[in-house]
Amino acid sequence: MSKPLVSIVMGSDSDLDIMREAGKALDDFGIDYEIDVTSAHRSPDRTSDYARNTAARGIRVIIAGAGGAAHLAGVIAAHTTLPVIGVPIPSTPLNGMDSLLATVQMPAGIPVATVAIGKPGATNAGILAAQIIALGDSSVAKRLETHKQKLAAGVEEKSKKLKSTLNK
């Protein structure tokens, strides 16, 4: 296995089911990644050490998922110059709206690219990380182009199926 280019991190192991979706997307593009747990609130020293050391380990993009107060992505972004993608996790009765707002509302100067709540967001985080890596990797760029073509072909197929169903 080669060195991971993406680090997927979450605030709790209970977020793993959602964050695996980011890993699945990265697998589709042949991008190696690591997965870990750290908490902005329960382990702030571990979190800042993690963020400060990722670039030196060869990581190029960080995907951070957290629920509730969801400060993980922002705390990580404060300690690194790497791109950070935040995935809001629906872990409270607010169904992730609290996490979305906490993740997206960053002060000027500390950007976090924020995706949709839950599994769709984790999938998109993996794809966005692949797009960032593709800027310097033509093989990943080609896989992304194939991915887009498959999406378009799927829509064409659904359109044909719908039309044939309606015409019966």
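Visitor: Which residues of helix H5 are buried?
Guide: This is a predicted model, in which local features need pLDDT of at least 70 and side-chain atom pairs count only at pLDDT 80 or more, while totals for chains, interfaces and linings use all residues. Residues are numbered from 1 along each chain as its sequence is written, and side-chain values use heavy atoms, with hydrogens and water left out. Helices (H or I, at least four residues) and strands (E, at least two) are DSSP runs numbered from the N terminus, and buried means under 20% relative accessible area, exposed over 50%, partly exposed in between (1.4 Å probe, protein chains only). In H5 the buried residues are Gly118, Gly121, Ala122, Ala125, Gly126, Ile127, Ala129, Ala130, Ile133 and Ala134.

Visitor: Which elements do the buried residues of H5 pack against?
Guide: Contact means heavy atoms within 4.5 Å. By that rule, the buried residues of H5 pack against strand E1 (6-10), helix H1 (16-28), strand E3 (61-67), strand E4 (84-89) and helix H6 (138-166).

Visitor: In what order do the strands of the open sheet stand?
Guide: Two strands pair if DSSP finds at least two bridges between them. The open sheet has 5 strands with parallel pairing, in the order E2-E1-E3-E4-E5.

Visitor: Which strands stand at the edges?
Guide: A strand at the edge has a single partner strand, so one side of it is left without a neighbour in the sheet. That is the position of E2 and E5 (113-114).

Visitor: How many of the residues of E1 are buried?
Guide: Val6, Ile8 and Met10 on one side of E1 are buried, and so are Ser7 and Val9 on the other. E1 is therefore largely enclosed by the rest of the structure. The count of buried residues in E1 is 5 of the 5.

Visitor: Which residue in E2 stands opposite methionine 10?
Guide: E1 and E2 (residues 33-37) run parallel and are joined by 5 bridges. Valine 9 stands opposite aspartate 36 in E2. Methionine 10 stands opposite valine 37.

Visitor: What is the relative accessible area of proline 88?
Guide: Proline 88 lies in strand E4. Leaving aside its neighbours within four places in sequence, its contacts include Ala66, Leu100, Val115 and Gly118. Proline 88 is buried, with a relative accessible area of 0%.

Visitor: Is asparagine 95 buried or exposed?
Guide: Asparagine 95 lies in the loop between E4 and helix H4 (97-104), and has a positive phi of about 55° although it is not a glycine. Its relative accessibility is 56%, so asparagine 95 counts as exposed.

Visitor: Is alanine 70 buried or exposed?
Guide: Alanine 70 is found in the loop between E3 and helix H3 (72-78), with a positive phi near 50°. Its relative accessibility is 4%, so alanine 70 counts as buried.

Visitor: How far apart in space are leucine 151 and glycine 126?
Guide: Leucine 151 has its place in helix H6, where it is partly exposed at a relative accessible area of 47%. Leucine 151 and glycine 126 are 25 residues apart in sequence, and C-alpha to C-alpha their separation in space is 16 Å.
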